[in-house]
Amino acid sequence: MACPEHSSVPDFDSSPWVISANRTNAEEKGTTFINPFNGCFVQASLPILEGKQCLKCFGDWLLMFDEGTRECFLANITSQSKISLPALLHPQDSLGSCALSNPSPPDCTVMFVCSLGERFVLYCRPGDKEWTKYVVDFQNDHETFVGTIFGSQGKMYLNTSWNGRCVVINATSSGAFVEEMRMALDPDTRPLFHTCASFWVESNGDIFLVRFYLHSYQGLGVTNIDVHRLDTSKYVWRRVENIGGATFFLGANCVAVSSLAAGTQADCIYLLLWGCDGVRLYSVRLDDRTISSSLLPACTNQLSWSDVYWAIPQSFRQRPTKSLDVISRK
């Protein structure tokens, strides 16, 4: 169900939306917003994003980059405001994923982890004149980062290649430092010969690991799921049967909200996952382990899964309860 093209940004108060900010060909215009609950999608013209590459989405904040000028900034798609960051001069092919130390800019640190095989992070805070490269001393010639990073409450969690070790970097001030290196092994409950996709997400101060088990080829779908919460006193994953009544929105970015604010089924997890026919939305109810899926409109198999993000502003997460029936009708 298409809405008028090149309209304004959709009403985020009505539902969580999915955003595709990076165009797949030169003929496409604007930014695509998709409501996965009712199939509506719109093409909105946002000048602040035009001609820029979206590197990551954090709720309603997008990390944008201009390949020509190397300009880098955080853009808010709700207010269409921007927070300038230092020019990103470091080669992109040496950088892995990125994260915010907290979801409320400008009081945050933006940090990139290096790509697989390297040992550094690159970070800055709004107002800094340049990015800072911080090389981590592993005291092990074979240990490196693996390109993944997760931010929570002022700290960055980075996995390494050494038996699942987790490096915790304190990023609450302008001078980041390694707070500790601890073993945080994946739970040993993974069935043999199963491919899985893993996602970290913070909910109400707790850190969760969600693993989706896939058929031998990712495009064939999700077969099972397990959820674990990190015991930060011992850095051990504890398996849980529910997520405290929250709703998780997972994919290229991960957002957790209270089901009362989202108006969704409590203990429900939504996943955006690329398939051979396009991007699919999987819905998992933890109470009865029901798994269902539907094809996301306006997302073809030419669209990269990593270019599709959940766009869920802070204001939406703080709203009072609303039923899913109300969401679906808008």
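Q: How do β1 and β25 pair, and over how many bridges?
A: In this predicted model, β1 and β25 pair in the antiparallel sense. The pairing runs over 4 bridges.

Q: Which residue of β25 stands opposite I19?
A: Y309 in β25 stands opposite I19.

Q: And β2, how is that joined to β1?
A: Strand β1, residues 17–20, and strand β2, residues 31–34, are joined by 3 bridges. They run antiparallel.

Q: Which residues of β2 face S20 and V18?
A: T32 in β2 stands opposite S20. I34 in β2 stands opposite V18.

Q: What holds strands together in general?
A: Strands of a sheet pair through backbone hydrogen bonds, either parallel or antiparallel.

Q: New topic. How many residues are in the largest nonpolar core?
A: The largest nonpolar core has 36 residues. Those with the most contacts inside it are L63, L88, M111, F112, W131 and F145.

Q: What is L88 in contact with?
A: Leaving aside neighbours within four places in sequence, L88 is in contact with L55, F65, R70, C72, L95, F112, L122 and W131.

Q: Where does L85 lie?
A: L85 lies in strand β7, residues 82–85.

Q: Why is L85 called buried?
A: Because its relative accessibility is 10%, and buried means under 20%.

Q: What does L85 touch?
A: Not counting residues up to four places away in sequence, L85 touches L63, C72, F73, L74, V110, C124, P126 and W131.

Q: How far apart are L85 and L63?
A: They are 22 residues apart in sequence. In space they are 9.6 Å apart, C-alpha to C-alpha.

Q: Let's do rings. How many aromatic pairs are there?
A: A search of the whole structure finds 11 aromatic pairs. One of them is F208 with F248, which is edge-to-face. Their centres are 5.4 Å apart, with 65 degrees between the planes.

Q: Which strands does that pair link?
A: F208 is in strand β17 (residues 206–214), and F248 is in strand β20 (residues 246–250). The pair links distant parts of the chain, 40 residues apart.

Q: Are F208 and F248 buried or exposed?
A: Both F208 and F248 are buried.

Q: Which residues form one aromatic cluster?
A: F37, F249, Y270 and W310 form one.

Q: Which lysines lie over a ring face?
A: K82 lies over the face of F73, at 4.1 Å from the ring centre. K133 lies over the face of F120, at 4.4 Å from the ring centre.

Q: Now loops. Where is G175?
A: G175 is in the loop between β14 (165–170) and β15 (177–183).

Q: What does G175 touch?
A: G175 touches Y123 and N170, not counting residues up to four places away in sequence.

Q: Why does G175 count as partly exposed?
A: Because its relative accessible area is 37%.

Q: How far is G175 from C124?
A: They are 51 residues apart in sequence and 9.2 Å apart in space, C-alpha to C-alpha.

Q: What about Q80, what is its phi?
A: Phi of Q80 is near 55 degrees, a positive value in a residue other than glycine. Q80 is in the loop between β6 (72–76) and β7.

Q: And what is the phi of N204?
A: N204 has a positive phi of about 55 degrees, although it is not a glycine. N204 is in the loop between β16 (195–203) and β17.

Q: Is N204 buried or exposed?
A: N204 counts as exposed, at 79% relative accessibility.

Q: Last one. Which peptide bond is cis?
A: The bond from P105 to P106 is cis, with omega near 10 degrees. P106 lies in the loop between β8 (95–100) and β9 (110–114).

Definitions and conventions. Residues are numbered from 1 along each chain as its sequence is written. This is a predicted model: local features need pLDDT of at least 70, side-chain atom pairs count only at pLDDT 80 or more; totals for chains, interfaces and linings use all residues. Side-chain values use heavy atoms; hydrogens and water are left out. A nonpolar core is a set of buried Ala, Val, Leu, Ile, Met, Phe, Trp, Tyr and Cys residues joined through side-chain atoms within 4.5 Å. Buried means under 20% relative accessible area, exposed over 50%, partly exposed in between (1.4 Å probe, protein chains only). Contact means heavy atoms within 4.5 Å. Rings of Phe, Tyr and Trp (its six-membered ring) pair if their centres lie within 6.5 Å; planes under 30 degrees apart count as stacked, over 60 as edge-to-face and the rest as tilted. Helices (H or I, at least four residues) and strands (E, at least two) are DSSP runs, numbered from the N terminus. A charge sits over a ring if NZ of Lys or CZ of Arg is within 6 Å of the ring centre and within 35 degrees of the ring normal. Two strands pair if DSSP finds at least two bridges between them.
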